[in-house]
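Open the viewer and keep the selection tool at hand. We will go from stop to stop, picking residues as we go.

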Amino acid sequence: MATLDYISKQQLANQLGVSIATINRKLKEIPHLKMGDTRQSRVLFSIEKVSNYLNDRSTNPQGSQVKLAT
């Protein structure tokens, strides 16, 4: 069984080269785990699930896959 590694919004934004605001705007689309019900609740992202999400939506003509650093 594979170990799931999780990263924060800041780490995801850094890996993708986007702002946290962009991550927040796309939060409904990007697979995530929210730790609570308030606006300030921590949000974590599974590296594997986000990589799969990005690869499923990739329009790269060479067919290469997006990989997030662990």
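This tour visits strands, a hairpin, a core and a surface patch in a predicted model.

**Stop 1: strand β1**

Select residues 6–8, which form strand β1. Start with Tyr6, a member of this strand. Tyr6 is partly exposed, with a relative accessible area of 38%.

Now click on Ser8, also in β1. Is Ser8 buried or exposed? Its relative accessibility is 17%, so Ser8 counts as buried, the cut-off being under 20%. What does Ser8 touch, leaving aside residues up to four places away in sequence? The contacts are Arg42, Val43, Leu44 and Phe45.

**Stop 2: strand β3**

Those contacts lead us to the next selection. Pick residues 42–46, strand β3. Here 4 of the 5 residues are buried, so the strand is largely enclosed by the rest of the structure.

Show β1 and β3 together. They run antiparallel and are joined by 3 bridges. Find Ile7 and look across to β3: its bridge partner there is Phe45.

**Stop 3**

Next, follow the chain from β2 to β3. This hairpin has 6 residues between its strands. Stop at Gly36, where phi is positive, near 135°.

**Stop 4: the core**

Time to look at the nonpolar residues. In soluble globular proteins, nonpolar side chains tend to be buried together.

Select the 12 residues of the largest nonpolar core: Ile7, Leu12, Ala13, Ile23, Leu27, Ile30, Val43, Phe45, Ile47, Val50, Tyr53 and Leu68. Colour by element. Two or more core residues come from each of α1 (9–16), β3 and α3 (47–56). Which element gives the most? The answer is α3, with 3 residues.

Zoom in on Ile30. Leaving out residues up to four places away in sequence, Ile30 touches Leu12, Ile23, Phe45, Val50 and Tyr53.

**Stop 5: a surface patch**

Switch to a surface view. Select Tyr6, Leu33 and Met35. What do these three residues make? They make a nonpolar surface patch of about 290 Å². Tyr6 brings us back to strand β1, where the tour began.

Technical notes
Residues numbered from 1 in each chain as written. Predicted model: local features only at pLDDT ≥ 70, side-chain atom pairs only at ≥ 80, totals over all residues. Heavy atoms only, no water. Patch = residues over 30% accessible without salt bridge, like charges linked within 9 Å, V, L, I, M, F, W, Y side chains within 5 Å. Areas by Shrake-Rupley, 256 points an atom, 1.4 Å probe, with all protein chains shown as cover. Salt bridge = Lys/Arg side-chain N within 4 Å of Asp/Glu carboxyl O. Buried < 20%, exposed > 50% of the residue type's maximum accessible area, 1.4 Å probe, protein only. Contact = heavy atoms within 4.5 Å. Pairing = 2+ DSSP bridges. Core = buried A, V, L, I, M, F, W, Y, C linked by side-chain atoms within 4.5 Å.
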